[in-house]
Amino acid sequence: MKEQAFLSGAFLQSNEWAIFQEAVGVQVTSALGMKMFFVALPFGLRYGYAPRVELSDTTLDGLIRAAQKEHAVFLRVEPITPLAVPRRFRKVRDNQPRVTRVVDLSVSEEALLAEMKQKTRYNIRLAAKHEVVVSEATGQWGVRRFLKLLAKTQERQEFSAHAPEYYETLLNVLKPASEIPSKERCEARLFVARFLGKVRAANIVLTFGDTVTYLHGASSEKDREVMAPYLLQWHTMRWAKKYGFHRYDFWGVAPEGVKNHPLAGVTRFKEGFGGETVHYPGTFELSLRPFWYALIRLHRKFR
(Lines give C-alpha, C1' and ligand atoms only; values in the text may rest on other atoms or scores of the structure.)
Protein backbone atom coordinates (compact mmCIF):
# COMPACT_ATOMS: atom_id res chain seq x y z
CA MET A 1 0.00 0.00 0.00
CA LYS A 2 1.38 3.38 -1.00
CA GLU A 3 1.76 5.99 1.72
CA GLN A 4 -0.29 9.13 1.10
CA ALA A 5 2.10 11.81 -0.15
CA PHE A 6 -0.90 13.80 -1.33
CA LEU A 7 -4.66 13.82 -0.89
CA SER A 8 -6.65 12.26 -3.71
CA GLY A 9 -10.02 13.97 -3.93
CA ALA A 10 -8.86 17.13 -2.14
CA PHE A 11 -11.19 19.05 -4.47
CA LEU A 12 -14.14 17.62 -2.51
CA GLN A 13 -13.27 20.00 0.32
CA SER A 14 -12.66 23.04 -1.90
CA ASN A 15 -14.80 26.17 -1.75
CA GLU A 16 -15.64 25.84 -5.46
CA TRP A 17 -16.90 22.28 -5.06
CA ALA A 18 -19.14 23.47 -2.22
CA ILE A 19 -20.54 26.20 -4.47
CA PHE A 20 -21.20 23.62 -7.18
CA GLN A 21 -22.98 21.35 -4.70
CA GLU A 22 -25.19 24.22 -3.60
CA ALA A 23 -25.99 24.90 -7.27
CA VAL A 24 -27.33 21.35 -7.65
CA GLY A 25 -29.48 21.70 -4.52
CA VAL A 26 -27.25 20.30 -1.78
CA GLN A 27 -27.01 22.19 1.51
CA VAL A 28 -23.44 22.79 2.65
CA THR A 29 -22.14 23.72 6.07
CA SER A 30 -18.70 23.93 7.69
CA ALA A 31 -17.47 22.34 10.88
CA LEU A 32 -13.97 23.09 12.15
CA GLY A 33 -12.95 24.07 8.63
CA MET A 34 -14.36 20.89 7.05
CA LYS A 35 -17.15 20.91 4.48
CA MET A 36 -20.24 18.81 5.17
CA PHE A 37 -22.95 18.14 2.59
CA PHE A 38 -26.53 17.25 3.48
CA VAL A 39 -28.02 14.63 1.18
CA ALA A 40 -31.71 13.84 0.83
CA LEU A 41 -33.12 10.51 1.99
CA PRO A 42 -36.60 8.94 1.63
CA PHE A 43 -39.37 10.09 3.96
CA GLY A 44 -38.13 13.69 3.88
CA LEU A 45 -35.01 12.84 5.87
CA ARG A 46 -31.34 13.52 5.13
CA TYR A 47 -27.84 12.66 6.23
CA GLY A 48 -24.60 14.58 6.68
CA TYR A 49 -21.68 13.65 4.44
CA ALA A 50 -18.05 14.66 5.04
CA PRO A 51 -15.64 13.40 2.36
CA ARG A 52 -11.85 13.19 2.65
CA VAL A 53 -11.52 14.39 6.24
CA GLU A 54 -8.94 13.71 8.96
CA LEU A 55 -10.86 12.25 11.90
CA SER A 56 -9.93 12.67 15.52
CA ASP A 57 -12.10 12.89 18.62
CA THR A 58 -12.20 16.67 18.19
CA THR A 59 -13.02 16.77 14.48
CA LEU A 60 -15.56 13.95 14.78
CA ASP A 61 -17.35 15.73 17.65
CA GLY A 62 -17.51 18.87 15.48
CA LEU A 63 -19.02 16.94 12.57
CA ILE A 64 -21.53 15.21 14.83
CA ARG A 65 -22.68 18.50 16.32
CA ALA A 66 -23.10 20.04 12.86
CA ALA A 67 -25.06 17.02 11.64
CA GLN A 68 -27.28 16.91 14.72
CA LYS A 69 -28.03 20.62 14.36
CA GLU A 70 -29.56 19.82 10.97
CA HIS A 71 -31.39 16.73 12.35
CA ALA A 72 -29.39 14.34 10.16
CA VAL A 73 -30.29 10.66 10.49
CA PHE A 74 -26.66 9.62 10.28
CA LEU A 75 -23.19 10.95 9.58
CA ARG A 76 -21.30 9.52 6.60
CA VAL A 77 -17.54 10.08 6.57
CA GLU A 78 -14.64 9.18 4.30
CA PRO A 79 -11.53 9.48 6.47
CA ILE A 80 -8.08 10.07 5.04
CA THR A 81 -6.44 7.63 7.47
CA PRO A 82 -7.77 4.50 9.22
CA LEU A 83 -10.34 5.18 11.89
CA ALA A 84 -8.75 5.67 15.30
CA VAL A 85 -11.79 6.97 17.19
CA PRO A 86 -13.78 4.56 19.41
CA ARG A 87 -17.23 5.05 17.88
CA ARG A 88 -19.73 2.58 16.46
CA PHE A 89 -19.15 3.17 12.77
CA ARG A 90 -20.66 0.93 10.15
CA LYS A 91 -18.66 0.22 6.97
CA VAL A 92 -20.84 0.84 3.91
CA ARG A 93 -20.48 0.82 0.15
CA ASP A 94 -17.93 3.34 -1.09
CA ASN A 95 -19.25 6.77 -1.97
CA GLN A 96 -16.03 8.17 -3.46
CA PRO A 97 -13.34 5.79 -4.74
CA ARG A 98 -11.51 3.94 -1.97
CA VAL A 99 -8.72 2.96 -4.34
CA THR A 100 -7.31 5.09 -7.13
CA ARG A 101 -4.42 5.16 -9.59
CA VAL A 102 -2.08 8.17 -9.62
CA VAL A 103 0.63 9.04 -12.13
CA ASP A 104 3.63 11.16 -11.12
CA LEU A 105 3.97 13.89 -13.77
CA SER A 106 7.29 15.23 -12.51
CA VAL A 107 9.26 12.84 -14.73
CA SER A 108 9.92 13.32 -18.44
CA GLU A 109 7.40 12.41 -21.13
CA GLU A 110 9.74 9.62 -22.20
CA ALA A 111 9.68 8.22 -18.66
CA LEU A 112 5.89 8.48 -18.52
CA LEU A 113 5.59 6.48 -21.73
CA ALA A 114 8.12 3.93 -20.49
CA GLU A 115 6.01 3.31 -17.36
CA MET A 116 2.93 2.51 -19.44
CA LYS A 117 1.98 -0.95 -20.59
CA GLN A 118 3.16 -1.79 -24.08
CA LYS A 119 -0.42 -2.08 -25.38
CA THR A 120 -1.26 1.39 -24.07
CA ARG A 121 1.76 2.94 -25.80
CA TYR A 122 0.81 1.12 -29.00
CA ASN A 123 -2.77 2.41 -28.84
CA ILE A 124 -1.58 6.01 -28.29
CA ARG A 125 0.66 5.76 -31.36
CA LEU A 126 -2.15 4.13 -33.33
CA ALA A 127 -4.57 6.98 -32.51
CA ALA A 128 -1.94 9.52 -33.57
CA LYS A 129 -1.37 7.59 -36.80
CA HIS A 130 -5.11 7.77 -37.50
CA GLU A 131 -4.86 11.54 -36.97
CA VAL A 132 -7.18 11.65 -33.98
CA VAL A 133 -7.31 15.28 -32.83
CA VAL A 134 -7.61 16.25 -29.15
CA SER A 135 -8.67 19.71 -28.01
CA GLU A 136 -10.40 21.49 -25.17
CA ALA A 137 -14.11 22.09 -25.78
CA THR A 138 -16.00 25.03 -24.31
CA GLY A 139 -19.59 26.20 -24.43
CA GLN A 140 -22.72 24.25 -25.30
CA TRP A 141 -21.13 22.52 -28.29
CA GLY A 142 -18.86 20.50 -26.04
CA VAL A 143 -21.49 19.89 -23.37
CA ARG A 144 -23.98 18.48 -25.88
CA ARG A 145 -21.44 16.12 -27.35
CA PHE A 146 -20.27 14.92 -23.95
CA LEU A 147 -23.85 14.21 -22.87
CA LYS A 148 -24.60 12.36 -26.09
CA LEU A 149 -21.52 10.15 -25.66
CA LEU A 150 -22.28 9.66 -21.95
CA ALA A 151 -25.80 8.40 -22.72
CA LYS A 152 -24.36 5.85 -25.18
CA THR A 153 -21.65 4.79 -22.73
CA GLN A 154 -24.16 4.42 -19.91
CA GLU A 155 -26.38 2.24 -22.08
CA ARG A 156 -23.45 0.10 -23.24
CA GLN A 157 -21.77 -0.40 -19.87
CA GLU A 158 -24.92 -0.38 -17.73
CA PHE A 159 -23.74 2.07 -15.09
CA SER A 160 -25.67 4.84 -13.36
CA ALA A 161 -24.94 8.45 -14.19
CA HIS A 162 -26.12 11.83 -12.98
CA ALA A 163 -28.86 13.73 -14.77
CA PRO A 164 -27.63 15.83 -17.72
CA GLU A 165 -28.21 19.02 -15.71
CA TYR A 166 -25.60 17.88 -13.20
CA TYR A 167 -22.80 17.88 -15.79
CA GLU A 168 -24.01 21.13 -17.34
CA THR A 169 -23.93 22.79 -13.92
CA LEU A 170 -20.53 21.29 -13.12
CA LEU A 171 -18.95 22.73 -16.26
CA ASN A 172 -20.68 26.07 -15.80
CA VAL A 173 -20.03 26.65 -12.08
CA LEU A 174 -16.45 25.37 -12.23
CA LYS A 175 -15.70 27.13 -15.50
CA PRO A 176 -12.01 28.17 -15.72
CA ALA A 177 -11.22 31.82 -15.16
CA SER A 178 -8.62 31.83 -17.95
CA GLU A 179 -6.85 29.60 -20.45
CA ILE A 180 -4.10 29.00 -17.91
CA PRO A 181 -5.39 26.65 -15.21
CA SER A 182 -5.44 27.75 -11.59
CA LYS A 183 -3.96 25.70 -8.77
CA GLU A 184 -5.70 27.80 -6.14
CA ARG A 185 -9.29 27.01 -7.11
CA CYS A 186 -11.14 23.95 -8.36
CA GLU A 187 -11.86 24.19 -12.09
CA ALA A 188 -13.46 21.81 -14.59
CA ARG A 189 -12.37 21.36 -18.18
CA LEU A 190 -13.77 19.28 -21.02
CA PHE A 191 -11.41 17.67 -23.53
CA VAL A 192 -12.62 15.87 -26.65
CA ALA A 193 -10.98 13.53 -29.17
CA ARG A 194 -12.21 13.74 -32.77
CA PHE A 195 -11.75 11.40 -35.70
CA LEU A 196 -12.61 12.78 -39.13
CA GLY A 197 -14.33 15.67 -37.37
CA LYS A 198 -16.58 13.47 -35.21
CA VAL A 199 -16.22 13.41 -31.43
CA ARG A 200 -15.37 9.85 -30.39
CA ALA A 201 -14.31 10.39 -26.76
CA ALA A 202 -14.71 13.12 -24.15
CA ASN A 203 -13.40 13.59 -20.62
CA ILE A 204 -14.14 16.03 -17.81
CA VAL A 205 -11.12 16.73 -15.61
CA LEU A 206 -10.75 18.83 -12.47
CA THR A 207 -7.72 20.90 -11.56
CA PHE A 208 -7.02 21.68 -7.92
CA GLY A 209 -3.78 22.10 -6.03
CA ASP A 210 -1.04 20.14 -7.75
CA THR A 211 -3.38 17.48 -9.17
CA VAL A 212 -5.47 16.98 -12.29
CA THR A 213 -8.28 14.48 -11.68
CA TYR A 214 -9.97 12.51 -14.45
CA LEU A 215 -13.53 12.74 -13.11
CA HIS A 216 -15.91 11.67 -15.91
CA GLY A 217 -15.38 10.07 -19.28
CA ALA A 218 -17.44 8.87 -22.23
CA SER A 219 -16.68 7.28 -25.59
CA SER A 220 -18.35 6.08 -28.76
CA GLU A 221 -18.64 2.55 -30.11
CA LYS A 222 -18.05 3.96 -33.58
CA ASP A 223 -14.47 3.96 -34.86
CA ARG A 224 -13.22 2.10 -31.81
CA GLU A 225 -10.27 0.87 -33.83
CA VAL A 226 -8.72 4.37 -33.85
CA MET A 227 -8.26 4.23 -30.05
CA ALA A 228 -9.36 7.81 -29.38
CA PRO A 229 -9.67 7.42 -25.56
CA TYR A 230 -5.97 6.54 -25.29
CA LEU A 231 -4.74 9.63 -27.08
CA LEU A 232 -7.25 11.72 -25.14
CA GLN A 233 -5.77 10.61 -21.80
CA TRP A 234 -2.19 11.07 -23.00
CA HIS A 235 -2.95 14.55 -24.34
CA THR A 236 -4.52 15.53 -21.00
CA MET A 237 -1.56 14.18 -19.04
CA ARG A 238 0.81 16.19 -21.24
CA TRP A 239 -1.40 19.27 -20.81
CA ALA A 240 -1.31 18.84 -17.02
CA LYS A 241 2.46 18.43 -17.07
CA LYS A 242 2.86 21.52 -19.27
CA TYR A 243 1.07 23.68 -16.70
CA GLY A 244 3.09 22.40 -13.75
CA PHE A 245 0.72 19.90 -12.16
CA HIS A 246 2.56 17.13 -10.35
CA ARG A 247 -0.02 14.34 -10.41
CA TYR A 248 -2.68 12.86 -12.65
CA ASP A 249 -5.37 11.05 -10.66
CA PHE A 250 -7.43 8.48 -12.55
CA TRP A 251 -10.06 8.69 -9.78
CA GLY A 252 -11.08 5.18 -9.01
CA VAL A 253 -9.99 1.62 -9.75
CA ALA A 254 -11.25 -1.73 -8.51
CA PRO A 255 -9.65 -2.98 -5.27
CA GLU A 256 -7.40 -5.97 -5.76
CA GLY A 257 -9.10 -9.32 -5.33
CA VAL A 258 -12.66 -7.98 -5.56
CA LYS A 259 -14.53 -9.97 -8.19
CA ASN A 260 -17.16 -8.37 -10.45
CA HIS A 261 -16.37 -4.88 -9.20
CA PRO A 262 -18.16 -2.14 -11.21
CA LEU A 263 -14.77 -0.58 -12.03
CA ALA A 264 -13.13 -3.82 -13.21
CA GLY A 265 -13.27 -2.99 -16.94
CA VAL A 266 -12.11 0.60 -16.68
CA THR A 267 -9.40 -0.43 -14.22
CA ARG A 268 -7.54 -2.34 -16.92
CA PHE A 269 -7.65 0.77 -19.10
CA LYS A 270 -6.40 3.06 -16.33
CA GLU A 271 -3.64 0.76 -15.12
CA GLY A 272 -2.22 0.72 -18.63
CA PHE A 273 -1.03 4.31 -18.12
CA GLY A 274 1.25 3.35 -15.26
CA GLY A 275 1.34 5.10 -11.92
CA GLU A 276 0.85 3.76 -8.42
CA THR A 277 -2.18 2.54 -6.52
CA VAL A 278 -3.31 4.68 -3.58
CA HIS A 279 -5.66 3.32 -0.91
CA TYR A 280 -8.06 4.99 1.53
CA PRO A 281 -10.07 3.41 4.37
CA GLY A 282 -13.45 3.71 2.66
CA THR A 283 -16.88 5.02 3.63
CA PHE A 284 -18.40 4.74 7.11
CA GLU A 285 -21.68 5.70 8.75
CA LEU A 286 -22.46 6.66 12.32
CA SER A 287 -26.10 6.51 13.42
CA LEU A 288 -27.41 9.70 15.02
CA ARG A 289 -31.14 8.85 15.10
CA PRO A 290 -31.33 5.07 15.66
CA PHE A 291 -35.01 4.51 14.80
CA TRP A 292 -34.84 6.40 11.50
CA TYR A 293 -31.45 4.92 10.67
CA ALA A 294 -32.84 1.39 11.08
CA LEU A 295 -35.77 2.35 8.83
CA ILE A 296 -33.46 3.74 6.15
CA ARG A 297 -31.32 0.60 6.23
CA LEU A 298 -34.45 -1.54 5.86
CA HIS A 299 -35.52 0.62 2.93
CA ARG A 300 -32.12 0.12 1.29
CA LYS A 301 -32.35 -3.64 1.73
CA PHE A 302 -35.67 -3.96 -0.07
CA ARG A 303 -35.22 -1.19 -2.63
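Student: Which residues is Gly 48 in contact with, leaving aside its neighbours within four places in sequence?

Tutor: Contact means that heavy atoms lie within 4.5 Å. By that rule, Gly 48 touches Met 36, Phe 37, Phe 38, Ala 72, Phe 74, Leu 75 and Arg 76, with neighbours within four places in sequence left aside. This is a predicted model, where local features need pLDDT of at least 70 and side-chain atom pairs count only at pLDDT 80 or more, while totals for chains, interfaces and linings use all residues. Residues are numbered from 1 along each chain as its sequence is written, and side-chain values use heavy atoms, with hydrogens and water left out.

Student: Where is Gly 48 placed, and is Gly 48 buried or exposed?

Tutor: Helices (H or I, at least four residues) and strands (E, at least two) are DSSP runs, numbered from the N terminus. Gly 48 sits in strand E3. Buried means under 20% relative accessible area, exposed over 50%, and partly exposed in between (1.4 Å probe, protein chains only). Gly 48 counts as buried because its relative accessibility is 0%. From Gly 48 to Ala 66, 18 residues apart in sequence, the C-alpha distance is 8.4 Å.

Student: What does Gln 13 show, in the segment before helix H1?

Tutor: Gln 13 lies in the segment before helix H1 (15-23). With a relative accessible area of 18%, Gln 13 is buried. Leaving aside neighbours within four places in sequence, Gln 13 is in contact with Met 34, Lys 35, Pro 51, Arg 52 and Val 53. For one of these, Lys 35, the C-alpha atom is 5.8 Å from that of Gln 13, although 22 residues separate the two along the chain.

Student: How many residues apart along the chain are Pro 82 and Pro 281?

Tutor: Pro 82 and Pro 281 are 199 residues apart along the chain, with their C-alpha atoms separated by 5.5 Å. Pro 82 belongs to the loop between strand E4 (74-79) and strand E5 (90-92). Pro 82 is exposed, at 64% relative accessibility.

Student: How should I read a positive phi?

Tutor: Most residues other than glycine have a negative phi. Here Phe 43 has a phi near 65°. Phe 43 is in the loop between strand E2 (34-40) and strand E3 (46-53), and counts as exposed at 51% relative accessibility. Met 227 has a phi near 60°, again a positive value in a residue other than glycine. Met 227 lies in the loop between E10 and H7 and, at 21% relative accessibility, counts as partly exposed.

Student: Which residues of helix H8 are buried, and why do they line one face of the helix?

Tutor: An α-helix has 3.6 residues a turn, so residues three or four places apart point the same way. In H8 (residues 264-271), the buried residues are Thr 267, Phe 269 and Lys 270. Seen down the axis of H8, they fall within an arc of 165° (the arc of the directions from the helix axis to the C-beta atoms), so they line one face of the helix. Their cover includes strand E10 (211-219) and helix H7 (228-242).

Student: Is Arg 189 buried or exposed?

Tutor: Arg 189 counts as buried, at 2% relative accessibility. Arg 189 is in strand E8 (residues 187-195). Beyond its neighbours within four places in sequence, its contacts include Glu 136, Glu 179, Asn 203 and Trp 239.

Student: How do I read the chain as a whole?

Tutor: The secondary structure comes to nine helices and 13 strands. The radius of gyration is taken over C-alpha atoms, and the globule rule is 2.2 Å times the number of residues to the power 0.38. For 303 residues a compact globule would have a value near 19 Å, and the chain, at 20 Å, agrees. Along its principal axes the C-alpha trace spans about 60 × 40 × 35 Å. Buried residues make up 49% of the 303 residues. Among contacts between residues at least 6 apart in sequence, 71% join residues at least 24 apart.
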